[in-house]
Amino acid sequence: MRGYFIRILALLFVLGALAGCITIEQGVRPKFDRLEGLSLQQSVESDVIAALGKPTGKGFARFPDDPAHRTIWSYEYIKTTIPDVNTRILFVFFRDDHYDGYMWFSSNAVIGGTP
């Protein structure tokens, strides 16, 4: 009886996925509007955390026109509704432990607001 129940649940899951009824979300939508409250080279990491929350990733980068390294924080949000996958990624840059700007990407044509 248990095996029969598991097969029915699996079938319902597959049918729901094929019909596009299943939505999977990972991460938290980046709060682009809160970037306006940050000041270049004045806001510090704690200000960014207060505005955007804790980042989902951290790293470093160097740009061709400036050999100094920058710390990068990333905020990712992925929403999947079969067959669509929508991704939003916000990168926040720091130089000398101060906010130095941001860059964002979205797989959507419209992301629901202007960053």
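Predicted model: local features only at pLDDT ≥ 70, side-chain atom pairs only at ≥ 80, totals over all residues.
**Entry 1: Ser-74.** Ser-74 counts as buried because its relative accessibility is 8%, and the cut-off for buried is under 20%. I then placed Ser-74 in the fold and found it in strand E3, which covers residues 66-81. I looked for a polar partner of its side chain and noted the side chain of Glu-76, at 2.7 Å. I also listed its contacts, setting aside neighbours within four places in sequence: Pro-55, Thr-56, Gly-57, Leu-90 and Phe-91.

**Entry 2: Trp-73.** I moved to Trp-73, also in strand E3. With neighbours within four places again left aside, I found Trp-73 in contact with Glu-45, Val-48, Ile-49, Pro-55, Gly-57, Lys-58, Leu-90, Phe-91, Val-92 and Phe-94.

**Entry 3: aromatic pairs.** I counted four aromatic pairs. One of them is Phe-63 with Phe-93, an edge-to-face pair with 5.5 Å between centres and 65 degrees between planes. Phe-63 belongs to strand E2 (residues 57-63) and Phe-93 to strand E4 (residues 84-95), so this pair ties together parts 30 residues apart in sequence. Phe-63 is partly exposed, at a relative accessible area of 28%, whereas Phe-93 counts as buried at 8% relative accessibility.

Next I took Trp-73 and Phe-94. Trp-73 is in E3 and Phe-94 in E4, so the pair ties together parts 21 residues apart in sequence. I found both Trp-73 and Phe-94 buried.

**Entry 4: nonpolar core.** Which residues make up the largest nonpolar core? I listed 12: Phe-32, Leu-35, Leu-38, Val-48, Ala-51, Leu-52, Trp-73, Tyr-75, Leu-90, Val-92, Phe-94 and Tyr-99. Helix H2 (45-52), E3 and E4 each give at least two residues to this core. I noted that Trp-73 and Tyr-75 are in the list. For background, side chains in a regular strand alternate between the two faces of the sheet.

**Entry 5: E4 and E5.** I followed E4 to its pairing with strand E5 (residues 98-106). The two strands run antiparallel and are joined by eight bridges. I looked up the position across from Val-92 and found Tyr-102 in E5. The hairpin of E4 and E5 has two residues between the strands, and I noted a positive phi near 55 degrees at Asp-96.

Note on methods: Residues numbered from 1 in each chain as written. Heavy atoms only, no water. Helix = DSSP H or I, 4+ residues; strand = E, 2+ residues; numbered from the N terminus. Buried < 20%, exposed > 50% of the residue type's maximum accessible area, 1.4 Å probe, protein only. Polar contact = N/O pair within 3.5 Å; in protein donor to acceptor, adjacent residues only side chain to side chain. Contact = heavy atoms within 4.5 Å. Phe/Tyr/Trp six-rings, centres within 6.5 Å; stacked < 30°, edge-to-face > 60°. Core = buried A, V, L, I, M, F, W, Y, C linked by side-chain atoms within 4.5 Å. Pairing = 2+ DSSP bridges.
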